[in-house]
Amino acid sequence: MSRPLAVTIVHRYLLKEFFQPFLVNTVFFSFIFLMTQILEITNMVVNYNLRLSRIVLMMLYTLPFFLQFILPMSVMLAILLTFLRMSGDNEITALKAGGIGLYQVLPPALLFAAFGCLLTGLVSWYGLPWGRTNFKQLALETAQQHLDALIKERTFNDTFKGVMLYVSHMDPASRMLTDVFIEDQRTENIVTTVVAPSGNLLNDVPRGKVVLRLYNGMISQVDVDRRSVNTVQFSTYDIALDLKPGKGRAGISTSKSEEEMYVSELVHHIRTAAIRDSRYYKLLLEFHKKFSLPFACMALGLLAVPLGIQFKAAKRSYGIGLGMGFFLLYYILLSAGWVFGEAGSYPPFIGMWLPNVVLGGIGLLLLKRAALEQPIDGSWLFHRISRSVRTGFGMLRAKP
C-alpha cells in the first residue's frame, strides 16, 4: 500500500471516530445544562399548569444558548477521547512505526474542528437570536394568560417592575379587583400612590404590556426634589405594568436585548450608537462573541491533539482532567473578558478573542513538544499556562 493511500485511510478513520464521542458528549452536556433550568420550569408548571408542548418549546428555545458553549467543549473532548483511546490501544505507536507522524494525523482533527466551528457559528448567529426571541414571547404569553396566578390576595405583590401592588380580592373569572393599592416608583425621585375601590386586569399583547384599569380612585404624587404633593381624583385610570425580569423570565421589554439580535442588527446598532456607554460595549462584546466562540473549536481542537497522543491508558483520566481544566480556563478568561470589556476597561475585541489566543498558543506549544517526543511535564505545563495568562492580562492592562 502506498503511503499517500495509507494517510488517506487514516484520515477517514479518524473523522469517523470523532463523530461518535462528539454526538454522545453533545447530548450528555445538553441534558446536564437543561437540568439547570428544571427548577424554573417546575415553578412555571406549578403556577401556570403548563402543557407538555409548552415545556418542550421552552427547553428547545433555551438550548441554543447552551449549545454555543457545549459544541466547542464536545469538539475538544471528541478529539481528546479518540486520541486517548488510540494511544491506549497502541494505534498511535503503530502509525508512527508505519511512517505516519503527528503532523499527518493533524489535518482530520483540524477539519473536524472546522466542522464544529461552522456548527457553533450557525447556532450563535441564527439559533441564539431565534431561541431568545421565541422564549421571551412564549414566556410573555404564558404569564399574561395566567396573570391571576402571579397576584396574591391580601399580599403586597412585587411581581411588577418598580410597582408594589396590593389587592384585597380578585375574581379569577372576570379578573375584577377589589380594594386596590399601588405604589409606583418607576419615575426617579417621584413616588406615586394610587388607591381605588375596584379595577380590572387587561392584556395588551402587541405592546407586551399588562394594563390595570382602575375606577373611581385617587392618585397622590410626591416629588422628593421639589418637596411637593399633588392629589388627583379619577373615574377611570389605566396604568401599564411591566413584569419583573426573572418572574417566569418574561422580563417584558419592547426593545431587543443583545442576545436577541442577529449579526446585521448588532452591526447597525453599533454604527448608529451616539455615545459609547455600557449598552455600546455590550453590543460590541456580543458581536465579537458570535465569532470568537465558534473559533474556540479550532483552538480547543488543536489543544486536544497533543493531550490525547501524549497520555497512555494508565493516565487517561489525567488527560481528560487536563482537557476539562483547559475548557474551564477558557471559560474563566471569556467571563473576565466580558466583565472588563463591559466596563470599557479595554477593547471588547481583546476580551472576547484573548481566550482563543491563549489556548491556541498553548496548543501549538504542546503540539511542538509532542512532535519532538518530549513528555508533557506538569510543572512545565503549569509554568507555560501561568506565563501565557500573565502575558495576556499584561496586554490588557497596557491598553488605555
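Predicted model: local features only at pLDDT ≥ 70, side-chain atom pairs only at ≥ 80, totals over all residues.
Helix α7 covers residues 278-310, and one of its partners is helix α9, residues 348-371. The two axes sit 8 Å apart, at an angle of about 10°. Angles under 35 degrees count as roughly parallel, so α7 and α9 are roughly parallel to each other. Sorted by class, their contact takes in 23 nonpolar residues, plus six polar and one charged.

Next up is helix α3, residues 52-88, whose axis comes within 8 Å of the α7 axis and crosses at roughly 15°. That angle makes α3 roughly parallel to α7 as well. The crossing here is right-handed. On the α3 side, the residues that meet α7 include Phe69, Leu71, Val75, Ile79, Leu80 and Phe83; on the α7 side, Leu293, Ala296, Cys297, Leu300, Ala304 and Val305 are among those in the contact.

From α6, the contact uses Val263, Leu266, Val267, His269 and Ile270. From α7, it draws on Tyr280, Leu283, Leu284, Glu286, Phe287, Lys290 and Phe291. The class count for α6 with α7 comes to nine nonpolar, one polar and two charged residues.

Terms used
Residues numbered from 1 in each chain as written. Heavy atoms only, no water. Axes fitted to C-alpha atoms, helices over the stretch in contact; angles between N-to-C directions. Helix = DSSP H or I, 4+ residues; strand = E, 2+ residues; numbered from the N terminus. Parallel < 35°, antiparallel > 145°, perpendicular 65-115°, else oblique. Nonpolar A, V, L, I, M, F, W, Y, C, P; charged D, E, K, R; others polar. Left-handed = near helix turned anticlockwise from the far one by under 90°. Contact = heavy atoms within 4.5 Å.
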